[in-house]
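Subject: A structure for you to look at

Hi there,

Here is the structure I promised to pass on to you. Please open it beside this email and look up each residue as you read.

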Amino acid sequence: MNYNLTNTQSWKALEKHFEDIKNVHLKTLFNDDKERGSNLSINKLGIYFDYSKHRINNKTLELLFNLAEELQIDSRKQDMFSGEKINKTEGRAVLHTALRAPKSASILVEGHDIVPDIHEVLNKMAIFSHKIRNKEWKGHTGKNIKNIINIGIGGSDLGPVMAYEALKHFSDRSLNFKFVSNVDGSDFAEAVEGLDAGESLFIISSKTFTTLETMTNAKTARNWFLSQIKDEKAIAKHFVAVSTNEKAVEEFGIDTQNMFGFWDWVGGRYSMTAAIGLSTMIAIGENNYRKMLGGFHLMDEHFKTAPLQQNIPVVMALLGIWYNNFFEAETQAVFPYENYLKRFPAYLQQMTMESNGKQVNMNGDRIDFQSGAIYWGEPGTNGQHSFYQLIHQGTKLIPVDFIGFKKSLNPIGSHQDYLIANMIAQGEALAFGKTKEEVKAEGIADDLVMHKVFEGNKPSSTFFLDELGPENLGKLVAMYEHCVYVQGLIWDINPFDQMGVELGKVLAMKIIPELENNEKVINHDSSTNALINFYKS
């Protein structure tokens with residue numbers, strides 16, 4: 001579908017409407033609709049999504065849904081599920097949703113049903129995980145495996161790290177999990193500090209088995225291992241691979257029977273439910289892993305079938321468009337009020353910013369509007385004592401996603417009540433603030449009054465779930481995946497390539513040999529030359 005977004009009828013209607021509503025305060029919107037809190041909410045799949053604290057009215061929603069309809073979002077979003085090659089720049093289908101499809105499903109890619117292939121890999125992962133967890137898999141010296149070290153980068157790291165931290169409550173605490181991604185030697189050194197190589201298993205996660213950072217760390221791991229276990233044959237018992245490059249895996253010394261494959265229709269940042277999730281399955285066990293896949297699938301089906309007005313990822317995406325392209329907000333904050341989700345915002349950073357950080361549309365034409373927002377965040381309540389100040393009283397508009405749970409996995413006294421009270425209060429404070437008159441009524445000295453005024457009118461969404469667990473984690477991740485996809489459809493950009501990460505990597509390969517010789521470098525710009533020569537001096 002070819003179109004110029006800013007010239008569409010619905011976009012122009014939104015531009016006109018924005019002028020009418022941009023200065024309307026949330027207090028007014030709530031006064032005008034006494035049932036707004038329940039009217040602007042969706043309660044599906046065990047997720048209560050309150051989007052009433054957004055700077056929108058019924059007309060805004062009508063126009064946003066008109067935009068979605070004019071751009072045929074409901075039918076176009078089906079293309080991903082059908083196996084069409086929607087990653088047009090790389091000529092690939094995009095089927096991370098197939099990774100969590102049930103055995104009974106049938107999904108064709110160029111005439112081949114991929115579901116049996118997916119479940120074959122899942123079953124292979126399960127068998128291997130059982131052996132590690134049940135102490136059936138012994139190291140070269142006969143010791144049990146106690147340390148699992150995942151080596152990857154990007155999607156091969158952020159997904160496993162986030163999932164492990166999020167589901168640590170469900171993990172086997174007799175196993176010690178480490179994650180190495182940074183090519184900085186300190187990352188590897190700290191990960192293996194004090195470990196016994198005879199009790200350690202390395203998972204090398206690289207689709208091509210050529211990624212510079214991953215393979216540098218993998219070779220260092222191999223050398224570290226052989227410094228303790230001086231037998232190259234032992235590699236086969238202590239290293240496994242998640243890759244598609246069988247030849248490179250074998251050359252490394254890994255038994256290809258212990259290679260877990262995936263496919264080119266799985267993008268790195270969407271791969272945590274592929275074999276990249278091997279460390280997750282070892283940590284939480286097959287049953288919990290399959291519950292997580294079930295949560296992903298529930299959200300996939302909701303996104304696929306729910307009408308636009310009741311479709312959680314679609315509504316999220318449209319609200320993001322509203323702030324990004326009309327209010328020109330540049331960032332989106334995500335604050336989970338659940339400490340286990342401390343790596344969730346970092347995971348979303350890659351998913352959202354690598355996906356929608358694009359400057360040209362599907363035809364290669366420069367777009368004339370702002371694309372993907374900058375995602376960031378930390379768990380509550382820590383952020384309340386640091387950066388919330390800027391959101392409340394600063395000059396930038398920052399929409400917020402609050403994520404909370406009714407039950408704690410570790411119920412201790414009144415902690416959960418205090419935690420959730422803070423989350424709800426922050427949403428209320430952001431929306432309604434405190435007026436000059438209210439501050440004066442508290443007897444505050446005149447010269448301090450304006451310092452204590454909160455303008456309010458700061459938008460937020462609240463997502464409430466029952467309890468954090470494998471299924472609900474799956475729902476949350478898939479929810480943001482599909483939000484990203486819808487925004488990509490609207491902006492007519494490709495969320496499934498990442499050309500922007502390539503240039504720096506190519507230049508680094510040129511600079512590496514220049515750092516390793518003694519000659520003065522003069523082949524770059526004056527700044528780059530000076531930096532290289534200073535490093536070498």
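Below are some notes on its cavities and on a few of its strands.

First, some background: this is a predicted model, in which local features need pLDDT of at least 70, side-chain atom pairs count only at pLDDT 80 or more, and totals for chains, interfaces and linings use all residues. Residues are numbered from 1 along each chain as its sequence is written, and side-chain values use heavy atoms, with hydrogens and water left out.

**The cavities**

Searching the whole structure turns up 2 cavities of 30 Å³ or more. A cavity here is a set of points, on a 1 Å grid over the protein atoms alone, where a 1.4 Å probe fits but cannot get out; lining residues have an atom within 4 Å of a point. Grid points are joined across faces, edges and corners, and the volume is the space filled by probe spheres set on the points.

The largest cavity holds about 250 Å³ of space. Its lining has 23 residues, and those nearest the centre are Met316, Gly320, Gln332, Tyr375 and Gln487. Helix H14 (312–326) gives the largest share of that lining, 5 residues. Among the other elements that supply at least two residues each are strand E10 (331–336) and helix H20 (470–491). (Helices, H or I with at least four residues, and strands, E with at least two, are DSSP runs numbered from the N terminus.) The lining divides into 12 nonpolar, 10 polar and 1 charged residues. Here Ala, Val, Leu, Ile, Met, Phe, Trp, Tyr, Cys and Pro count as nonpolar, Asp, Glu, Lys and Arg as charged, and the others, Gly among them, as polar.

The second largest cavity has a volume of about 50 Å³. Leu99, Trp263 and Thr273 are among its lining residues, which come to 8 nonpolar, 1 polar and no charged.

**The strands**

Two strands pair if DSSP finds at least two bridges between them. Strands E1 (residues 41–44) and E2 (residues 47–50) are antiparallel, with 4 bridges, and serine 41 has aspartate 50 as its bridge partner. They form a hairpin with 2 residues between them, and leucine 45 in the turn has a positive phi of about 60°. E2 also pairs with E13, antiparallel over 3 bridges; there, phenylalanine 49 stands opposite phenylalanine 463.

Elsewhere, E5 (residues 147–151) and E6 (residues 176–180) run parallel, joined by 5 bridges, with isoleucine 148 opposite phenylalanine 177.

Enjoy exploring!

How values were computed: 1 Å grid on protein atoms, 1.4 Å probe; cavity = no way out; pocket = protein on both sides within 12 Å on 5 of 7 lines; lining within 4 Å.
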